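Visitor: Could you take me on a close look at one part of this model, the place where the chains meet and the core around it?

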Number of protein chains: 2
Amino acid sequence: MLKSAEGNELLTAPSQRTLSDYIADQLRQAILADQFKPNQRMVEQEIAESMQTSRGPVRDALKILENEGLVVRQPHRGAFVAELNLEDFIEIYTLREALESLALRYAIKRASAKQIESLEELVHTMIEISKHDPIDQVEATDVDLKFHQTLCEMSGHRRVLSAWESLSGQIRIVVLRHRLVHPDDLRERSITWHERIVEALRERNTEKAIDELHVHMAASMEWVNKLVKERGGENAF
Amino acid sequence: MLKSAEGNELLTAPSQRTLSDYIADQLRQAILADQFKPNQRMVEQEIAESMQTSRGPVRDALKILENEGLVVRQPHRGAFVAELNLEDFIEIYTLREALESLALRYAIKRASAKQIESLEELVHTMIEISKHDPIDQVEATDVDLKFHQTLCEMSGHRRVLSAWESLSGQIRIVVLRHRLVHPDDLRERSITWHERIVEALRERNTEKAIDELHVHMAASMEWVNKLVKERGGENAF
DNA sequence: ATGTTGTAATGTGTTAACAATTAACAAAAT
DNA sequence: ATTTTGTTAATTGTTAACACATTACAACAT
């Protein structure tokens with residue numbers, strides 16, 4: 001295994017991250033990039049060979065991804081790429097809202113002016129991105145998720161952040177597969193909601209913040225519901 | 001490793017659970033029973049020998065417990081029993097409330113009459129237990145947690161259940177270490193809250209259910225806060 | 001034709017040996 | 001005395017071989 005691939009920090013930094021983490025990163029990226037298809041089997045030996053390593057770390061990586069909900073593992077049967085349906089999507093978003101609401105409550109009490117500014121910058125980036133004509137979806141998705149993750153970080157609530165991060169891969173799948181960030185009618189409204197959340201944070205207005213978040217989430221859910229219905233029964237992500 | 005220890009199901013049932021799961025169970029139990037002290041180091045080789053197995057499954061088990069927040073692992077440094085402080089306790093309970101609120105919303109929509117009855121039976125058991133003079137704390141804790149876990153199961157929201165179960169070990173630690181279920185003034189009130197939650201479920205009254213849950217959780221948090229303050233700075237669990 | 005049983009192939013779960021990292025401690029230098 | 005450096009011991013991370021479970025398929029019986 002190429003050591004150079006993981007240790008690109010400065011010399012003083014000891015390689016805290018283990019090989020399993022690195023492999024998990026690679027596999028996560030591959031799944032999100034659709035290089036592994038939903039429900040596809042992931043054979044430990046194959047992956048190990050393709051990455052020039054052994055089965056052990058690959059096994060560990062698959063367990064990490066299992067915890068993130070990107071992979072389903074069955075004892076003695078192996079690991080498969082998770083296939084999300086409409087119900088999963090609803091679960092992911094309701095849970096996400098519950099976590100982010102709690103994060104907001106905490107963030108409103110704790111956030112520093114500087115932290116709130118960094119959120120504002122992200123909203124600015126969103127606006128910039130939305131000006132490009134063919135909007136870069138992946139970029140837009142990344143900024144959107146970065147905003148929400150920053151919220152969770154600002155909360156200082158470690159368990160909420162950790163739970164949100166466990167969910168983020170699944171969120172990413174859903175958002176990417178359904179182009180959830182930039183359908184035309186949603187895009188501008190979405191930016192407004194984000195702006196209002198920042199506003200509420202600055203005003204330390206808990207109710208307002210949570211309301212805006214709720215509207216934001218509800219709109220996304222409604223959008224997907226509509227999409228799924230248009231397509232008829234085909235409700236697999 | 002003794003196979004008999006894990007395969008006590010009927011013959012037809014294939015041993016779905018793996019050795020790692022079994023070891024995780026044993027270690028979890030040992031931690032909750034205080035046989036491993038907070039912050040104590042857990043050496044893979046030692047555990048492997050004491051359980052007559054090899055390091056691999058023990059490693060896996062430690063990772064499982066890490067995900068449950070019972071163990072902290074640092075790369076190349078090993079695994080230690082998690083030590084929870086007051087802030088952790090607050091985090092655990094606020095997150096728990098967020099999860100159970102969501103679970104309640106779902107349960108109110110989906111719960112069958114039969115499921116609600118099983119909750120009622122648990123409340124009955126609580127009442128029975130509270131009649132014994134030296135109250136069996138572990139038993140009381142188990143029934144209490146069983147009630148809340150059943151709620152999460154009834155929700156049919158798989159991710160909420162899974163998140164709650166990840167948290168349950170930590171909840172157990174907190175509740176057991178602080179005798180959180182049966183301080184005299186809390187006990188009867190606690191039973192009442194549980195009864196009211198069941199009532200609200202039966203009436204399909206979401207607001208009421210969530211309010212009762214909130215009061216229940218807030219009271220527990222207040223109780224621990226009081227305890228910790230009485231003891232002065234000693235805020236480690 | 002259909003269902004059942006036995007066998008081979010594939011792939012996971014476990015073990016044990018090996019490599020790399022960290023921590024502890026003693027010796028040397030400032 | 002304090003800090004630095006080298007060396008050793010303890011423990012984790014990784015590898016590779018082995019044991020076991022599951023699946024697929026062919027031969028056989030019904």
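Guide: Happy to! A nonpolar core here is a set of buried Ala, Val, Leu, Ile, Met, Phe, Trp, Tyr and Cys residues joined through C-beta atoms within 7 Å. A residue is buried if 20 or more other C-beta atoms lie within 10 Å of its own, exposed if 12 or fewer, and partly exposed in between, with C-beta atoms placed from the backbone. This is a predicted model, in which local features need pLDDT of at least 70 and side-chain atom pairs count only at pLDDT 80 or more, while totals for chains, interfaces and linings use all residues. Residues are numbered from 1 along each chain as its sequence is written, and chains are lettered from A and ligands numbered from 1 in the order in which they are written.

The largest nonpolar core has 61 residues, and those touching the most other members are Leu99(A), Ala103(A), Ala107(A), Leu99(B), Ala103(B) and Ala107(B). Take Ala107(B): beyond its neighbours within four places in sequence, Ala107(B) is in contact (C-beta atoms, placed from the backbone, within 7 Å) with Leu151(B), Met154(B), Ser155(B) and Leu201(B).

Now to the contact between the chains, which takes 17 residues from chain A and 17 residues from chain B. On the side of chain A that touches chain B, helix 3 (55-67), helix 4 (86-110) and helix 7 (158-177) each supply at least two residues; helices are DSSP runs of H or I with at least four residues, numbered from the N terminus. Helix 4 of chain A gives the most to this side, with seven residues.

Conventions. Contact = placed C-beta atoms within 7 Å.
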